[in-house]
Amino acid sequence: MTKILVATEKAFAKTAVDGIKKIITEAGYEISLLENYTNVDDLLKAVADADAMIIRSDKATKQVIEAGKNLKLIVRAGAGYDNIDLVAATEKGIAAMNTPGQNSNAVAELTFGMLVFMARANFKGGSGTELKGKKIGIHAYGNVGKNVARIAKGFEMDVYAFDPFVPREVIEKDGIKGVNSVEELYSTCHYISLNIPATEKTKNSINLELLSKMPVGATVINTARKEVINEAELKQVFEKRPDFKYISDIMPSNHEELLKFENRYYCTPKKQGAETSEANINAGLAAANQIVKFFKNGDKTFQVNK
Ligand code: 3PG
């Protein structure tokens, strides 16, 4: 019987798991659950007889992929698929997919929780600032970026966006101000929302030079990936600019060192952008449905290693 493994270091909400089980079993497949595991050996064991696997930020390394002797499909229930070794998957003829857009509202809503927290003196009392009328730069304009823009309009912020893959006219059609370069976005905006994926091009790309361009009172909100920030240079920005603030949903490697920039640096204890039952249901059920369509009809709509 076709076996589907759900392997989540950070388990989905129970309602999402129930929904995934229903879709998989109704399609006539077997489901196996590996939740909250802490040891990669458990994953290697669990994947050994799986035909497909649903993961979140779990690392589908070459070792994991090779351990999956029957594996034909890996679905990342979420947006970023930098946790899948695509070369190893492709070599073994395994399709890799994501579920774009399914958890983006959750991430965008958290962005504003983080933004208000920083603007209001970390909820410690004392006079903060309002978001209304402030310039926010959305980097980049994908599913999360679009949701950030929608919510920012509700706050009556002055909304800018830049995406190297989305023409300025497309951004402006949505009532967002376009700019011509990433440098222009950073030099224009008080707030920057990082919504870029971690790729060979974007890794370390948010550096001292770029962050130094931001106007006085600069705040960067990172709900994307820690790898996109040049962490050593981020520390230098904190040292050079007493006005600079950074809040992240992904713990930087130099977290301990940054803690000394009290009230200007904050990091959530555990990545929680997509941690809503709605996002878990949307992404988890989409992943299960994509698996069924793949095995029943050969559907590869969301394949990322074509
Ligand atoms: C994503 O890429 O979809 C988000 O970063 C959420 O990741 P998570 O499912 O591991 O919370």
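## Exercises on a ligand site and a domain interface

Across the interface of domain 1 and domain 2, one residue pair is in polar contact, with both residues at pLDDT 80 or more; a polar contact is a pair of N or O atoms within 3.5 Å, where within protein one must be able to donate a hydrogen and the other to accept it, and residues adjacent in sequence count only if both atoms are side-chain atoms. This is a predicted model, in which local features need pLDDT of at least 70, side-chain atom pairs count only at pLDDT 80 or more, and totals for chains, interfaces and linings use all residues. Residues are numbered from 1 along each chain as its sequence is written, and side-chain values use heavy atoms, leaving out hydrogens and water.

**Exercise 1.** Describe the interface of domain 1 and domain 2.

*Step 1.* Start with the bounds: domain 1 covers 3-102 + 276-297 and domain 2 covers 105-267, as set by an automatic or database domain assignment.

*Step 2.* Now look at the contacts (heavy atoms within 4.5 Å). Seven residues of domain 1 touch four residues of domain 2.

*Step 3.* Next comes the area. About 420 Å² is buried between the two domains, 48% of it on carbon and sulfur atoms; buried area is the accessible area (1.4 Å probe) that two parts lose on being put together, summed over both. Of the area that domain 1 buries against domain 2, 67% comes from Asp82, Gly101 and Thr276, more than from any other three residues.

*Step 4.* Finish with the charges: which residue forms a salt bridge with aspartate 82? The partner is arginine 225, and the closest N and O atoms are 3.1 Å apart. The rule (a side-chain nitrogen of Lys or Arg within 4 Å of a carboxyl oxygen of Asp or Glu) finds one salt bridge across this interface.

**Exercise 2.** Work out what surrounds the ligand.

*Step 1.* List the neighbours, taking residues with a heavy atom within 4 Å. Among them are Lys10, Ser57, Arg76, Asn103 and Ala274.

*Step 2.* Check the side-chain N or O atoms against the ligand's oxygen atoms. For arginine 56 the distance is 2.9 Å. For arginine 225, the salt-bridge partner of aspartate 82, the distance is 2.8 Å. Lysine 271 also gives 2.8 Å.
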